[in-house]
Each structure stands twice: as structure tokens, then as C-alpha cells.
Amino acid sequence: DASSVASEALDIFRQGNHALCEASTLLTVAKACLSQGLREDALKAVVRAKEIFQNHSEPAAELNATRLLCRLHLDQRRFDDAREVAEAAVLLSEDDTVDLDCRGTALMLMAEVQDA
């Protein structure tokens, strides 16, 4: 199944020290976990992916992970956590290396949290 294939890919990326590939795969794993109702597993995968992107100075990819993390918090009705993540996304989007689409995404995320 998809989760075993993703786990195998993660093992390969970790052995080869391919952190960005690992992080991208973790986001895929998180989405698969969500589709199976495994919210806590999805949360762990997203948090780890976000950390990897942050450690490798990939703000656009980190923002993508941040968006998924925020939506997870909203789904679980953890509004304070969602607000904190959205605020961090807005700050991250102000980085000079992030394009305007990412800035717009961060602002939309903040609006979504404020409406919740």
C-alpha cells in the first residue's frame, strides 16, 4: 500500500542524506495519513517536514508544510495552535526569497484562521 511505499522511500532518503526529498515525502505521508483518518501521525509527519525545510532554508516549502499544519490544527479545533502557526506563516512569507504567491497564501491562511 501507499504507506509502505512511502516508508521505504523515507528510509532510502535518510540513508542517502537527502533531507529535502525526505521532507517532501513526509508531506505525502501526512496526506495519506489524513485520508486514512490518522491525524496524529499526519501531524508528526508535517511537523518533521516543516523542521527539515526550516533547517535547509527553504521558506516556500516550509510555508507549504505550515499551511498543512495549520489546517490540521483547524480540523482538530485547536484554534490557538492554528493561529500561532498562521502568524508564523505570515512572518515567514515576509522573507525576501519568498514569492508573492506564498505571501498571498500566508495571508489567506491567516484569514481562514480568523474566520474559524
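Is Cys-70 buried or exposed? At 0% relative accessibility, Cys-70 is buried (under 20% relative accessible area, with exposed meaning over 50% and partly exposed in between, using a 1.4 Å probe and protein chains only). Before going further, note that this is a predicted model, in which local features need pLDDT of at least 70, side-chain atom pairs count only at pLDDT 80 or more, and totals for chains, interfaces and linings use all residues. Residues are numbered from 1 along each chain as its sequence is written, and side-chain values use heavy atoms, leaving out hydrogens and water.

Let's stay with the cysteines. The search of the whole structure turns up 0 disulfides (pairs of cysteine sulfur atoms within 2.5 Å). For Cys-70, the closest cysteine sulfur is in Cys-102, 15 Å away, which is too far for a bond. Cys-21 also has Cys-102 as the closest, at 19 Å between sulfurs, again too far. Cys-21 is partly exposed, at a relative accessible area of 36%.

Now for the fold. Buried residues make up 37% of its 116 residues.

Helix H3 (residues 39–55) deserves a visit. The buried residues of H3, including Leu-43, Val-46 and Phe-53, pack against helix H2 (19–35) and helix H4 (59–75). After H3 comes Ser-57, with a positive phi near 50°.

Notes: Helices (H or I, at least four residues) and strands (E, at least two) are DSSP runs, numbered from the N terminus. Contact means heavy atoms within 4.5 Å.
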